[in-house]
Every structure is written in structure tokens, then in C-alpha cells.
Amino acid sequence: MEKEILEHGFSFNRRHFLSKLSLGLGSVALGSLLIPDLFKGSGLDESGLNAGIPHFAPKAKRVIYLFQNGAPSQLESFDYKPKLREMNGKELPTSVRGNQRLTGMTANQDSFPLAGSFIDFKQYGESRAWVSDLFPHTAKIVDDICIVKSMFTEAINHDPALTFVQTGSQQGNRPSMGAWLSYGLGSENKNLPAFTVLLSRGIGNGQGVYSKLWTNGFLDSIHQGVQFSKGEDPVLYIRDPEGMDRQARRKMLDNLSALNQLAYDEFGDPEITTKVQQYEMAYRMQTAVPEVMDLSKEPDDVIKLYGPECLVPGTFAANCLLARKLSENGVRFVQLYHQGWDQHGNLPYEITSQAKDVDQASAALVTDLKQRGLLDETLVIWGGEFGRTSYSQGKLTKDNYGRDHHPRCFSIWMAGGGVKPGIVYGDTDDFGYNVIKDPVHVHDFQATVLHQLGLDHEKLIFKHLGRRYRLTDVAGKVVKDILI
């Protein structure tokens, strides 16, 4: 009996495949070269296309997502609002706020005094983009990035907003964006996972991050993000146990694979073969990971570009440099989280420290990729889960204030990967409270990211519990105006 290829809830056998497509041996050979896993369980996705093949020609091959966890204030970064300074201390007009909901932290305030930014802004580049003095390094690369000032979301608190921007749903147990890309495109490097996660933390109020943000959800577990740590073992549990050499490990895995194959033949559970794939990946990572994590061979000019902190494990700068190495080694989706952006109070001091943590390294990553000829094929994203209010949370003083959560508008930037460089897209009102031009919903953003990697967000679907799911749920449109 011919072995059926089973995955994603779809099955077909090799005889049927060859007869229906009338493939000769030459075409089969070519297919196996172009798609190494074509006859090894890749299967078809719900769109009818083989997993690992994009729906159309991609502009980008990989994504590096520099996620600023806690939501950086757009009013101290990329959305210049001089009127807030002019009206500092005056009430936010009720006509501007309307009936928009507030968090429980400010809903009972008697007053909503406007807080002008403590930091100055200047214009840079051919686009004359306004950038705050907190981001001098980013200001130097404005002609390489696209600033989107009109992002908006539906969630007003951290957990649902963070989950929403990463998975397309405010509830948990949905695959994250990196898992969807792993599912849709597979890995470029068989010795490294398609989806990796790096964490760092600033001095501010660190909103937590958790594994549900890089989960595979209902997809096969091979698509889950692999977290790299700053310790001696960057990936836990891949070392050989004490007393076991490489040859013994190989023999053990072969025997384990044979036992799992027996179980698969009896039960047909695809997670059994997925576990075997994970064991094999861990075995290959034993050699690949130490080489990628070794920064000792980086030249002095690269270290200077990222700054001295790039040699300190666990810092944002070190993670940016590792992101470049992982990406150039074929990791499909590299996700960074930098915690500490939740400035409900003491904003001037805390956001200054946070910006210093990330500014140089973020700009260096874009510059480094560009110098290596990798920026065109790598999509770099910088931003958080929502914005901050233009009024002060709590007491507004001459030199101190805080900002509450604000889902109605926030800013991000994108670079490379077929995104137009040197432009500013969208706009908000004079109070930085509402989008007034070219709104971009989170689902629009997600659809655009998938599009740049050659994936139609309406076709990248997975059937689970009788329903067809996708990253963008039932919404989302590609923001074509920001694309080359």
C-alpha cells in the first residue's frame, strides 16, 4: 500500500499526484530540488497550494520584528504635535475625545490636561519626516524607512492588544505571525528553526511577555517559535546528556524515530511525526546554534555600528546583531521583544532610557542589512501594540507627566522588503488623538506583511474544529500605497 502524505488535514498519495499532474521523472527531480520536502509530508494547505510555495512572487524572504513591548508614545517619537505644547495644561476638547472608551486608570479622572512633549522634534531626510531628539540614530536613516503614523487597534489593554497584533486575535491559542509564516513558507535553513524569539528588558515598567505570543496555536508544533536566551545554553535542552556522545545520540534518535513511525502507522496522528522533526532539529541545532550565537568574529566596524552593548548578552543591541545573523542564515521570522515602554507616570525619565536602549541598534540593523545587500529581501518592523494618550494620566507638572493607553492611533516604522523608503504614511489630528488620513488597522498591517512574503492573507488558511482560520480573521487589506 502506498504511503499517503498527510498534513494540514489534507491527504493524497504519490500515484494520484503524479498521474493528475502528468509529471515526468525530470519534473519530479526538479520539484525535489526546489522543494526538498515535497514528498516528505509537506502536503497541501487549504488554498490548494503546496506548503513552502508562495502564492505569488515575494518581495521579501524574511522578517525581523523589533517589537517595543508596552507601547512607546508616538508623541515622543514620530508624531510631532506642536499644538499640544501650545495648549499644555488645557483640557482635551470633548469633541476630540467623543465617546471613545478609556481605561480604568483614567476613566475617573476629573480632568484631562493636554501634555505637550518634553522633547524637541526636527525634520530629516528628503521626506522631511519629523523625528524626536530621543531617536538621533533613527533620524539618520529616515530615507531608508517608512513611518506609518495612522495605525490603530481595537484593544485598549496590554494583554489583548499584544496578543492581537501578534496573532490577529485578542484571545489566546491562535498561531502567531511567525508560526503562520513557518506554516506557509517553511524554513530556508534545515539546521535552524523558521521562527525564533529574543527577549530584552529596559528599566521601565516591564509588561510581561509569554509563550502564547509565539505559539503555534492549532498549527503543528514544529511551527512554534523557539526562544533563544542569554545564558550559556541559548536554546534549552538541545545539549547531549552527560555521558552521551554524538554517535550515541544519533543511534538513539534513529531508534526513537522507528518507534514513533510504528505509532504513527497505527494512530495516524501528525503530531507524532512532528515530534520526530523536532528531535531532529534539536540534533542539528547543536552544531548550528553555537556558530550563529558567536559574536567574537564580528569586525570592529560592526561592533561600533551597533554600540558596545551588542557584546552584552541579553541586551536589545546584542539581540539586534543576533537577529541579523539569524536572518542571514535563513531564519524566516526573527521576533525581538524589548520590555519597559509602559510609561503611565515619570514618562520623561523612563522613555529617555528606553529610547537610548533601542535607537542605535535599531538603526544599525537597517544599515547593516543594507550594507550587506540584505535589506531588499528582509522586512524590518519597529513598533508596539498601541499608542499613548495626548492628555496626562494623573497630575501634570512642569517637568513630569504620564500617558495612558490609546488604541485609536499609534506609529510604527518599516524598512526593506519591498516597502517604499523615505515616506511618511497617514496622519492624525492636531491633538494626536484620532486618525484623519489613511488609517491602517492591525489586520491591514498583518495582511501587508504576508503580502510582502508572497502570501495572500485570504488564502493562507487552516481548517480547525470545522472552521477555516487565518491570521487576519475575516478582515484586513493590503496597504499598497506604502509598497514599491
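This is a predicted model: local features need pLDDT of at least 70, side-chain atom pairs count only at pLDDT 80 or more; totals for chains, interfaces and linings use all residues.
Which residue lies over the face of F112? That is R97, placed 4.5 Å from the ring centre.

## Charges over rings

The charged end of R467 sits over the ring of Y469, with 4.4 Å to the ring's centre. Y469 comes up again below, as a partner in a ring pair.

## Aromatic pairs

A pair of rings is described by how far apart the centres are and by the angle of the planes. The count of aromatic pairs in this model is 18. One of them joins F135 and W382: with centres 5.9 Å apart and planes at 85°, the pair is edge-to-face, since the cut-off for that class is over 60 degrees.

F135 belongs to the loop between β5 (129–132) and α5 (136–139), while W382 is in strand β10 (residues 378–383), so this contact ties together parts 247 residues apart in sequence. F135 counts as buried, at 1% relative accessibility, and W382 counts as buried too, at 2%.

## A tilted pair

F218 and Y469 make a tilted pair, 4.9 Å from centre to centre and with 45° between the planes. F218 is found in the loop between β7 (195–201) and β8 (226–228) and Y469 in strand β19 (residues 467–469), so the pair links parts that are 251 residues apart in sequence. Both F218 and Y469 are buried.

## An aromatic cluster

If you are browsing the structure, here is one more group to pick out: Y65, F67, W214, Y337 and F445 together form one aromatic cluster.

How values were computed. Residues are numbered from 1 along each chain as its sequence is written. Side-chain values use heavy atoms; hydrogens and water are left out. Rings of Phe, Tyr and Trp (its six-membered ring) pair if their centres lie within 6.5 Å; planes under 30 degrees apart count as stacked, over 60 as edge-to-face and the rest as tilted. Helices (H or I, at least four residues) and strands (E, at least two) are DSSP runs, numbered from the N terminus. Buried means under 20% relative accessible area, exposed over 50%, partly exposed in between (1.4 Å probe, protein chains only). A charge sits over a ring if NZ of Lys or CZ of Arg is within 6 Å of the ring centre and within 35 degrees of the ring normal.
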